[in-house]
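Biologist: Can you walk me through this one? I'm new to reading structures.

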Amino acid sequence: MSLTLDTPLDMHLHLREGAMLDAVAPFSAAAFAGAVIMPNLVPPVDSLERLRWYRREIARASQGQQFTPLMTLFFRNYSAAELAEAKPQIIGIKLYPAGVTTNSAGGVANLAEADETLAVMERLGIPLLVHGESHGFVLDREQEFLPIYARIARQFPQLTIVMEHITTRRATELLDQHTNLFATVTLHHLQITLNDLAGGLLDPHLFCKPIAKRPEDRDALLQLALTAHPKLMFGSDSAPHPRSSKEGAGCAAGVFSAPVALPALAELFAQHGALGKLQAFVSDNARRIYNIAPPPKQVTLERRRWVVPARYGDVVPYLACSELAWRIADVQPA
Ligand code: DOR
Ligand code: ZN
């Protein structure tokens, strides 16, 4: 049994830089036609000069595989002239509230001060991608941010707003309440709950921001994905960290899922009799929402068992050592 996906896209991806970029980019470049690249490097990607450099680095690390990096700038207050120049180079601008996650210290401390830039983005048609978490109690952070999404959606009705990596039932409900609100969801948040991370022996490789939530949250996300809700896109949030940053005290947040993302999604959708919805979830919805047409690539998955390695270099992948039922059998670039 096999399944061919047309132009699969990962709409939220961390590729890092330097040796880590070289180690991880080939996995995404092999499996996906393109990906939305997160700008939280140190320092962040917040100028066109740095963005062009990063795009070149990604192309080099992709080792000749056909792969379109859909670049984002790190949100700061940009001038109208900067935004106009940036528009053809970017798919959107990623906003992090200051300090909510890895490398976000330079994020927005006071959201009210973002309005002027948001107004220009709305006028120019530049989408806003948001890490929507408050600084509150860890399980409530996403829910506490939802009124801010609603406020921005109302205040800037023409602005495309993407709630990145949603993790709660409440966020799935908000999606239908504003026409300009969209969302990405990760593979791991369709599968795990807080119990998998911390219910038994602590599993640092499942620790990420936003943290995995309750079974009813996971089930609501899964329901939305399996029906390929038209406002929902796949975004892996694959976020590699070296073992030294994950396995000691002070564990870094991030789940490295790039090497298993498509096979594990195929298995999950097949288990629920929803394979027919995978194409929309991993590509069609994103192409329509962002109005993009990246160079096509056909990726064929087949039912064949394999065991996920314990490590890729110095990084432990999501589902390490477990058996998957599907694997990538063939990739045909355009
Ligand atoms: O778990 C996470 N890891 N969440 C984020 O928002 C950032 C990411 C990273 O860059 O490691
Ligand atoms: Zn992320």
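Modeller: We'll take the metal site, then the other ligand.

Modeller: This is a predicted model, where local features need pLDDT of at least 70, side-chain atom pairs count only at pLDDT 80 or more, and totals for chains, interfaces and linings use all residues. Residues are numbered from 1 along each chain as its sequence is written, chains are lettered from A and ligands numbered from 1 in the order in which they are written, and side-chain values use heavy atoms, leaving out hydrogens and water.

Biologist: Which protein donors does the zinc ion (ligand 2) have?

Modeller: His12 (NE2), His14 (NE2) and Asp237 (OD), at 2.0 to 2.1 Å. Donors are N, O and S atoms within 2.8 Å of the metal (3.2 Å for Na, K and Ca); water is not among the atoms, so sites may look incomplete.

Biologist: What does pairing His12 with Asp237 tie together?

Modeller: His12 is in strand E2 (residues 9–13), and Asp237 is in the loop between strand E9 (232–234) and helix H10 (243–246), so the pair ties together parts 225 residues apart in sequence. Helices (H or I, at least four residues) and strands (E, at least two) are DSSP runs, numbered from the N terminus.

Biologist: New topic. How far is the side chain of Asn40 from ligand 1?

Modeller: A polar side-chain atom of Asn40 lies 2.9 Å from an oxygen atom of ligand 1. For Thr101, the distance from a polar side-chain atom to a ligand 1 oxygen is 3.0 Å.

Biologist: And His14?

Modeller: An N or O atom in the His14 side chain is 3.3 Å from an oxygen atom of ligand 1. His14 is also one of the zinc donors.

How values were computed
A polar contact is a pair of N or O atoms within 3.5 Å; within protein, one must be able to donate a hydrogen and the other to accept it, and residues adjacent in sequence count only if both atoms are side-chain atoms.
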